[in-house]
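Let us go through this structure by question and answer. Each reply sets a value against its definition.

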Amino acid sequence: MGWGAATREGTCGMADVELRRHGRLGLITLNRPEALNALTHAMVHEMTAQLTAWAEDDGVALVAIAGEGDRAFCAGGDIRALWDAGKPGGEAGRANWAFYADEYKLNALIHRYPKPYVSVMDGIVMGGGVGVSIHGSLRIATERTVFAMPETGIGLFPDVGATWFLPRLPGQLGLWLGLTGARVRGMDCVRAGLCDLFLDSESLEEALQFLAEGPWDEDAGGETDPLKLLTGPLSELASVTADRAHPSQELVDGPYAGESVEAVLDALAAEGNWGEEQRATILGKSPTCTRIAFRQIRAGADLSFEDCMALEYRLARFCMTHGDFYEGVRATIIDKDGAPKWSPASLAEADDGFVEQAFAPLGDDDLSV
């Protein structure tokens, strides 16, 4: 950043995450551009410690998080590291349970953060990157934003609080995103309720400078709501909105209102070419994780945030000891053959009874956030 003096608050590894203070702004910069700023366990620890400290620091009025480079805010967790730690599945997957517990606790900290938390969601925002951004109090999209929850394609489920936020999107958009891994870009993220404000990427440095120098020590015309103090001036930097690129809510709502995965697939079969493409996309994902995703998103509508995170931890432990994750990562990231061999291989085999074990309470091991 070329603006203002900065105080370095901490580092992680070889500065994988930069923690600095600019004026009264605490700025987190995810700094692994060569890995699309993917989160490591060490980064999760460092961010948690610094956010906890800033929450109690009267010199920090607000926090912002951004990603280094122009390709990605954060493309997710370091999936390759999780694959390496847990392969070939089974009991070995227990090595990754601590990562998910700590990541979900960080998501919860952001969800209830006592100060404004501004997420600059510029570039790719997927998986774990969603978890450290979407729970903020002000989410900024740009023309480069690409949002997705593609987990079912690698033998996982939409997590990092998706059980909470997906069913709270308009209509059936959340289920559509969770089952298909569809990508939502730019201004469409605002339209879908995933972001709050659209700025051109060229305005981001000016926006961050305003956040650092904002009216934190003046009356500001009697305004006391910090988010209103932020959004007014930032909105003046916004560019002309883009045309809609993702399917309309009305198109999604019909077929995705089904009471089961099979009902959704049957409804899509009657929707012509668009529906057949959607159906083929879903059927290409892990049958087990598709079944899990449908159930968790439907259940999440009636759960508290804390209960959603506890459920996700149960599901994460199941997936880390289930072969589909390791096979999905192999096919997508390791060998890149795009031909995962899921087990069970069909939704009929991965039925409600099969996935029931993934939802079972863990007793004393249940996650508390």
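Q: How many helices and strands does the protein chain have?
A: The chain has 16 helices and 11 strands. Helices are DSSP runs of H or I with at least four residues, strands are runs of E with at least two, and both are numbered from the N terminus. The model is predicted: local features need pLDDT of at least 70, side-chain atom pairs count only at pLDDT 80 or more, and totals for chains, interfaces and linings use all residues. Residues are numbered from 1 along each chain as its sequence is written, and side-chain values use heavy atoms, with hydrogens and water left out.

Q: Why is Trp 176 called buried?
A: Buried means under 20% relative accessible area, exposed means over 50%, and partly exposed lies in between (1.4 Å probe, protein chains only). Trp 176 has 3% relative accessibility, so it counts as buried. Its place is helix α6, residues 173–180. The C-alpha atoms of Trp 176 and Asp 253 are 8.7 Å apart, though 77 residues separate them along the chain.

Q: What makes strand β6 largely enclosed by the rest of the structure?
A: Strand β6 covers residues 117–121, and five of the five are buried, so the rest of the structure largely encloses it. Tyr 117, Ser 119 and Met 121 point one way, while Val 118 and Val 120 point the other. In a regular strand, side chains alternate between the two faces of the sheet.

Q: How do you know that β4 and β6 pair, and in which sense do they run?
A: Two strands pair if DSSP finds at least two bridges between them. Three bridges join β4 (residues 62–67) to β6, and the two run parallel. Ala 64 stands opposite Val 118 in β6.

Q: What makes β8 a partner of β6?
A: Four bridges link β6 with β8 (residues 138–141), in the parallel sense. Met 121 has Ala 141 of β8 as its bridge partner.

Q: What share of the protein chain counts as buried?
A: Of its 369 residues, 55% count as buried.
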